[in-house]
Amino acid sequence: MSILVNKNSRIVVQGLTGKEGMFHAEKMIEYGSKVVGGVTPGKAGQEVLGVPIFNTVGDAVKETGADVSVIFVPAAFAADAICEASEAGVKLVVAITEHIPARDMMLVKNFIAPRGTLLIGPNCPGIITPGECKVGIMPGYIHTPGKVGLISRSGTLTYEVVAQLTAAGLGQSTCIGIGGDPIKGLDFIDLLKMFAKDPQTEAVAMIGEIGGDAEEKAAAYIKANYQKPVFGFVAGLTAPPGKRMGHAGAIISGGKGKASDKIEAMEAAGITVIRALGEFGSSVANALKA
Amino acid sequence: MNVHEYQAKALFKQYGIPVPDGRLATTQAEALEAARELGGDAFVVKAQVHAGGRGKGGGVKVVKGAEAAGAAAKEILGMTLVTHQTGPEGKLVRRAWVEKATDIARELYLAVVLDRGNECYTLMASPAGGMDIEAVAAETPELIFTAQIKPGQPLWDFQARNLLFGCGVAGAGLRQGVGLLQGLARLAWEKDASLVEVNPLVVTAEGSLIALDAKINFDDSALKRHPDIAALEDPEETDPLERRAQGYGLNYIRLGGNVGTMVNGAGLAMATMDVIKMAGAEPANFLDVGGGASEEMVANGFEIILGDPNVKAILINIFGGILRCDVLASGVVGAAKKVKLNVPLVVRLEGTNVDEGRKILANSGLAFEVASSMSEAATKIAQVLKAA
């Protein structure tokens, strides 16, 4: 088992004919993901990387039975692409694109909510179930199948943690990068709930960063409801207030969103917070052995 | 992106939000002329910098007479204004805003914020205006009234009235206030603002409302569709190195320490700063060269880091995913030779083709310290700093 994606997931790539889309679609196929088609309006009939291109997501779903979409289209068109996938009935949409305006994301969330579409991202590395299916831009080879579920707001920081887990002999059930934007799809709590029900997942790693209060909310949820052990890390202990640290959502503003507050809330909820990033993998391995 | 008060007030006017009459001045003579044009006998002269707390820092002066307005502008222009938001180095004041003084009966607080939790814009109002709103929220949360503006919906009249009643606004001010709040909500939505703040919103002796201050932040991701807003950017307000980095497409923020950092990815960059601090050193900057950094980006990053004279050592932490470590190592070697690196450098490479990458570094003839983990990298940085 795993959550959200597995070896049967059928993936359509929106923006497959673009530079980014083609590069990463190829890596996904190499990993073994079932990429069944691409969508680029006006380019139907072409074949790229051995898969057919469609004009619309609707056509792609009808012809290929795709149930997952991954979005590589430029920011100005990405909100539209997410809504199109949702309208076409795609169950899971993974938006890799960064710099989508927050206002567009408000409209997107409003559009997809009644359609029941699950959204990961935007501005995220995507999702991977090691050994089965990779939907996104993460380097596949650092992952290994196993029992730790991982949820993260960051990209390369996630790779760092995954590589440490793998090195410490701990595989992963599913790893999800939820993205660094203020308004986004699935959040810590949504995914914690899914990991709770997944028998393969025995522990969850939660990688947060400054900005917003998603970590605090997740901590409150874990405190009240959670049975599986959770390990945490929060980036940005030394980040100065008022400065946007790369991600659109990573900012300490008005005294809120500080790493220290998040760590405090997480520890109070029984989460094992590892402060020294270099020791994340070994700490989790030791704790799970004990 | 931030704009100056005078620019925000011009936008307020476009949206029918009343502001005091004012003029921009860059010299004493201009300020004097501005005051004469405005007429009346009481003026406020305000320093235009991107920072709050200007009043406490001496950047706002209330004066009687046009001559005094000119004199106040002379004092303010060219001063280095230090407030709790500027950092100890302060900000040079290049412009002053001269406006007619307002007859204040009461001060309210008003803001439209990008509400992450509710995924919409939320309008906030409080009768406790002119104060630090975070303190109000912490100590007297019952004095903060909010209304959510759902995407595709207007701010309804009743929502605006609820907020105004909460702030004790009645009579003529009520009707005017509904329009004012709706204008503010429309401004936020139409211009992709992430924050619009009016502190204070003043109730005058006659009972009408007027925005005495104006602060707007815009969503950087949306600037492409608002050339009018993008044109308001004041490059002088950004640190010169940060400005140069922007030109290269690098995400660089200058900090106070002496360890330059170059990392791919924002989260890992923050975590690297944290690790440096835990090892007893201070990061000089945040620098994210991007998840898929190129050789050229690395070279540009070096140049920016070394442009900061405080930098005494550099830590490069790259997790090669899509970007291969051998490509990156070549970039580092090439750049280090080009920029004549004269401070110790610790490189930590991990990921795709890491062995080839480390070999390139080892054979480069340059004095690198190579670390194989985050912890080791930080320890090595602390060591080379001590040795230096």
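**Close-up views of a predicted two-chain model**

**View 1. Domains of chain B.** Chain B splits into domain 1 (1–20 + 104–238), domain 2 (21–101) and domain 3 (239–387); these bounds come from an automatic or database domain assignment. Between domain 1 of chain B and domain 3 of chain B, the C-alpha centres are 42 Å apart. Five residues from domain 1 of chain B and five residues from domain 3 of chain B make up the contact. Contact means heavy atoms within 4.5 Å.

The model is predicted: local features need pLDDT of at least 70, side-chain atom pairs count only at pLDDT 80 or more, and totals for chains, interfaces and linings use all residues. Residues are numbered from 1 along each chain as its sequence is written, chains are lettered from A and ligands numbered from 1 in the order in which they are written, and side-chain values use heavy atoms, with hydrogens and water left out.

**View 2. Helix α3 of chain B and its two sides.** Helix α3(B) covers residues 66–76. Helices (H or I, at least four residues) and strands (E, at least two) are DSSP runs, numbered from the N terminus. Buried here are Ala66(B), Ala69(B), Gly70(B), Ala72(B), Ala73(B) and Ile76(B). The buried residues fall within an arc of 160 degrees seen down the axis of α3(B), so they line one face of the helix. That arc is taken over the directions from the helix axis to the C-beta atoms. Glu67(B), Lys74(B) and Glu75(B) are exposed on the other side of α3(B). Buried means under 20% relative accessible area, exposed over 50%, and partly exposed in between (1.4 Å probe, protein chains only). What do the buried residues of α3(B) pack against? Their partners in chain B are α2 (28–38), β2 (42–47), β3 (60–64) and β6 (96–100). Gly78(B) follows α3(B), with a positive phi near 90 degrees.

**View 3. Helices α6 and α7 of chain A cross.** Helix α6(A) spans residues 188–197 and helix α7(A) spans residues 214–225. Their axes come within 9 Å and cross at roughly 35 degrees. Axes are lines fitted to C-alpha atoms, for helices over the stretch in contact, and angles run from 0 to 180 degrees between N-to-C directions. From α6(A), Phe188(A), Ile189(A), Leu192(A) and Lys193(A) take part. They meet Ala214(A), Glu215(A), Lys217(A), Ala218(A), Tyr221(A) and Ile222(A) of α7(A). By class, the residues of this contact are seven nonpolar, no polar and three charged. Ala, Val, Leu, Ile, Met, Phe, Trp, Tyr, Cys and Pro count as nonpolar, Asp, Glu, Lys and Arg as charged, and the others, Gly among them, as polar.

**View 4. Thr17 in a loop of chain A.** Thr17(A) sits in the loop between β1 (10–14) and α1 (19–31) of chain A. Thr17(A) is buried, at 19% relative accessible area. Leaving out residues up to four places away in sequence, Thr17(A) touches Met22(A), Thr40(A), Lys43(A), Gln46(A), Val48(A) and Ile53(A).

View 5. Is Ser9(A) buried or exposed? Ser9(A) is buried, with a relative accessible area of 5%. Its side chain reaches the backbone nitrogen of Asn6(A) at 2.9 Å. Beyond four places in sequence, Ser9(A) touches Leu4(A), Lys34(A), Asp67(A), Val68(A) and Cys133(A). Leu4(A) is partly exposed at 26% relative accessible area. Leu4(A) is not a glycine, yet its phi is positive, near 65 degrees.

View 6. Pro122(A) lies in the loop between β7 (118–120) and β8 (126–129) of chain A. The peptide bond from Gly121(A) to Pro122(A) is cis, with omega near 10 degrees. Asn123(A) is found in the loop between β7 and β8 as well. Its phi is positive, about 55 degrees, although Asn123(A) is not a glycine. Asn123(A) counts as buried, at 15% relative accessibility.

**View 7. A cis proline in chain B.** Pro200(B) is placed in strand β10 (residues 193–204) of chain B. The peptide bond from Asn199(B) to Pro200(B) is cis, with omega near 10 degrees.

Notes:
A polar contact is a pair of N or O atoms within 3.5 Å; within protein, one must be able to donate a hydrogen and the other to accept it, and residues adjacent in sequence count only if both atoms are side-chain atoms.
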